[in-house]
Structure formats: structure tokens, C-alpha cells
Amino acid sequence: MKIFVKAKPNAKENKVTPPPLKLFESGPASREATQDAYNVSVQEHPVEGRANEAIINLLAKHFKVPRIQVRLISGANSKKKVFEVGI
């Protein structure tokens, strides 16, 4: 499963906030990446991939999967990221 993430490094606490549930969808099937994105806050600084590793660990804990099943697909140097989570 692919998920969109809006990363927030240097946060006060580690936290995953899922996107709001939508009961009805209108418009075309294509969506903006930030529209249905998980907001993930981590305390790590975005230096040498530390924030990305913290996000991977936090997503694995959130989805209750082993860390090896969470993979960064794109956005290594961006706040908008795409992850693949094997469920």
C-alpha cells in the first residue's frame, strides 16, 4: 500500500496523524499528494537521513508491521514523501 506523508522534523513529539476520512469523493480520481497525506512529526533533525529513519520506525509502529516492510519510495529530501507499507 502506498501512502503519502507530510513530514515535520524537529517536532516536540513523535506522532502520526492519519488523513481525515472522506465519506463522499467528488471530482476526478487523481488527488493531490498533500490532500490525503499522513502528517508525521518526528523529533529528529533532517540530517543524514535521520528524520527519514525515524519516520520509517514510526510508520512501522503505527501500522503494526516490521520495520523492513516500510520503504521510502520518493521524497528523500522533501517534506512531501511517498512510502510503501507492506500489510
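The legends below describe close-up views of a predicted model of one protein chain. Residues are numbered from 1 along each chain as its sequence is written, and side-chain values use heavy atoms, with hydrogens and water left out. Because the model is predicted, local features need pLDDT of at least 70 and side-chain atom pairs count only at pLDDT 80 or more, while totals for chains, interfaces and linings use all residues.

**View 1. Overall arrangement of the protein chain.**
The protein chain has one helix and five strands, where helices (H or I, at least four residues) and strands (E, at least two) are DSSP runs, numbered from the N terminus. Read from the N terminus, the elements follow the order β-β-β-α-β-β. Of the 87 residues in the protein chain, 29% are buried; here buried means under 20% relative accessible area, exposed over 50%, and partly exposed in between, with a 1.4 Å probe and protein chains only. Among the contacts with a separation of 6 or more, 59% are between residues 24 or more positions apart, a contact being heavy atoms within 4.5 Å.

**View 2. The five-stranded sheet.**
The strands form an open sheet in the order β2-β3-β1-β5-β4, with mixed pairing. The edge strands are β2 (15-17) and β4 (70-74), each of which pairs on one side only. From one strand to the next, the twist averages 35°. Axes are lines fitted to C-alpha atoms, for helices over the stretch in contact, and angles run from 0 to 180 degrees between N-to-C directions. Two strands are taken as paired if DSSP finds at least two bridges between them. Strands of a sheet pair through backbone hydrogen bonds, either parallel or antiparallel.

**View 3. Strand β1 and its two partners.**
Strand β1 (residues 2-8) pairs with strand β3 (residues 38-41) in the parallel sense over four bridges. K6 has N39 of β3 as its bridge partner, and K8 stands opposite S41 in β3. β1 and β5 run antiparallel and are joined by five bridges; the bridge partner of V5 in β5 is K81. In a regular strand the side chains alternate between the two faces of the sheet. On β1 the covered face carries I3, V5 and A7, and the uncovered one K2, F4, K6 and K8.

**View 4**
β4 and strand β5 (residues 80-85) run antiparallel and are joined by four bridges.

**View 5. Surroundings of E84 and Q69.**
E84 is found in strand β5 and is partly exposed, with a relative accessible area of 28%. Leaving aside neighbours within four places in sequence, E84 is in contact with M1, K2, Q69, V70, R71 and I73. The C-alpha atoms of E84 and I73 are separated by 6.6 Å, although the two residues are eleven apart along the chain. Q69 has its place in the loop between α1 and β4 and is partly exposed, at a relative accessible area of 35%. Not counting residues up to four places away in sequence, Q69 touches E84, V85 and G86. Between the C-alpha atoms of Q69 and I87, 18 residues apart along the chain, the separation is 7.8 Å.

**View 6. Two loop residues with positive phi.**
E48, in the loop between β3 and α1, has a positive phi of about 55° although it is not a glycine. E48 is exposed, with a relative accessible area of 73%. K64 lies in the loop between α1 and β4 and has a positive phi of about 55°, again without being a glycine. K64 is exposed, with a relative accessible area of 75%.

**View 7. The largest pocket.**
The largest pocket holds about 190 Å³ of space. Of the 15 residues that line the largest pocket, the closest to its centre are P46, A51, N52, A76 and K81. On a 1 Å grid over the protein atoms alone, a pocket is an open set of points where a 1.4 Å probe fits, with protein on both sides within 12 Å along at least five of seven lines; lining residues have an atom within 4 Å of a point. Grid points are joined across faces, edges and corners, and the volume is the space filled by probe spheres set on the points. Helix α1 (residues 50-63) gives the largest share of the lining, four residues. The lining residues divide into seven nonpolar, four polar and four charged. Ala, Val, Leu, Ile, Met, Phe, Trp, Tyr, Cys and Pro count as nonpolar, Asp, Glu, Lys and Arg as charged, and the others, Gly among them, as polar.
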